[in-house]
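Have the viewer open as you read.

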Amino acid sequence: MNQLVQTFTKSILTGDVHALLDFHSSSIQSKMDEINFYEKVVKPSMYRIGELWEKNQITVADEHLATATLKYLLASLYTPHVINETSPKALLFCIEGEEHSLGLEMAHEVFKTNDWNTRFLGSNVPIKDIVTFIQSWEPHTVAISIGMTTELPRLKECIQEIEKNHPKMNILIGGRLISHYTLSFLETDQITCFDDLFELNKYLADFSQQMISLKV
Ligand code: B12
């Protein structure tokens, strides 16, 4: 773990949001862009917190404080988003039973910086409500995050429901499980899996490029 990640982890565990904001503006902002910050600092720091928690070196309360402090920092850094109704539309959510939404929040930022029109539903969304939302809002793409192995059957069910009701829907999937395992049921033409936000950013940039060349 590098020094930056170590100091960041300590700061979120102490819950001092002002010190953390200072640390971010003095040591992090000057060194890296937003995606590098998420991938190289936030992700390893939260994975480290997971390890400490697993080994009983921190308590559930410590982990909750770290999560809340991080959410405060991220909320203060997110870019204001002016929705462009003509932009491609993406619906972002975690399936029912899945509470790990921090990674999806960061993926949302990547969509916003690529000028997509988004709806972020957050964690724990029932499958039937996702299908209803898709019917009324008609997104081009859905983006799903999965962190828990126990939620895999529900992910499968959710994809089947989306494909049954919207066979042409573009489905993007990321999260801890996707970067750790190869899941054969996700290998279809309609589904793209992402190990990290660099891949998502490239995919969205290529998508915009294709849209521009189609218009020319
Ligand atoms: C914070 C945390 C929580 C928080 C979540 C808060 C929140 N709003 O997100 C809370 C306290 C709610 C929580 C609860 C639980 N958790 Co928890 N949690 C974590 C922890 C420490 C960090 C997760 C995190 O934020 N990671 C940081 C983000 C940035 O990483 P990420 O999600 O992978 O996202 C990155 C990429 O994957 C990608 N990405 C993510 N989504 C998407 C989507 C798209 C479309 C794209 C393109 C990319 C993308 O971008 C991100 C940036 O790179 C992990 C440890 C770990 N190793 O992950 C455990 C962990 C995931 N939790 C675990 C467990 C067991 C639980 C609980 C069961 C604990 C309990 N007994 O209650 C519950 C289950 C809740 C539920 N039903 O979902 C286990 C999971 C084991 C498993 N079975 O798979 C872990 C691994 C801890 C451990 N080592 O055991 N948890």
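What follows covers the sheet, the helices around it and the ligand shell.

First, some housekeeping: this is a predicted model, where local features need pLDDT of at least 70 and side-chain atom pairs count only at pLDDT 80 or more, while totals for chains, interfaces and linings use all residues. Residues are numbered from 1 along each chain as its sequence is written.

**The sheet**

Let's start with the open sheet, in which 5 strands line up in the order β2-β1-β3-β4-β5 with parallel pairing. Strands (E, at least two residues) and helices (H or I, at least four) are DSSP runs numbered from the N terminus, and two strands pair if DSSP finds at least two bridges between them. At the edges sit β2 (117–120) and β5 (191–193), each pairing on one side only. Neighbouring strands are turned by 20 degrees against each other on average, direction ignored; axes here are lines fitted to C-alpha atoms, for helices over the stretch in contact, and angles run from 0 to 180 degrees between N-to-C directions.

β3 (residues 141–145) and β4 (residues 170–174) run parallel, joined by 5 bridges. β4 also pairs with β5 in the parallel sense, over 3 bridges. Some of the partners are these:

| Residue | Bridge partner | Strand of partner |
|---|---|---|
| threonine 141 | asparagine 170 | β4 |
| valine 142 | isoleucine 171 | β4 |
| isoleucine 171 | isoleucine 191 | β5 |

**The helices**

Getting from β3 to β4, the chain passes through helix α7 (residues 152–165), and this β-α-β crossover is right-handed: with the strands pointing away from the viewer, the path from the first strand over the helix to the second runs clockwise.

**The ligand shell**

How many residues surround the ligand? There are 39, and the closest are Gly50, Glu99, Gly103, Ser145 and Gly174 (C-beta atom, placed from the backbone, within 6 Å of the ligand). Elements giving two or more residues include α4 (60–77), α5 (102–113), β3, β4 and α9 (197–215), but α3 gives the most, with 10 residues. By type, the shell divides into 17 nonpolar, 14 polar and 8 charged residues; Ala, Val, Leu, Ile, Met, Phe, Trp, Tyr, Cys and Pro count as nonpolar, Asp, Glu, Lys and Arg as charged, and the others, Gly among them, as polar. Domain 1 (3–77) and domain 2 (89–215) each supply at least three shell residues, with bounds from an automatic or database domain assignment.
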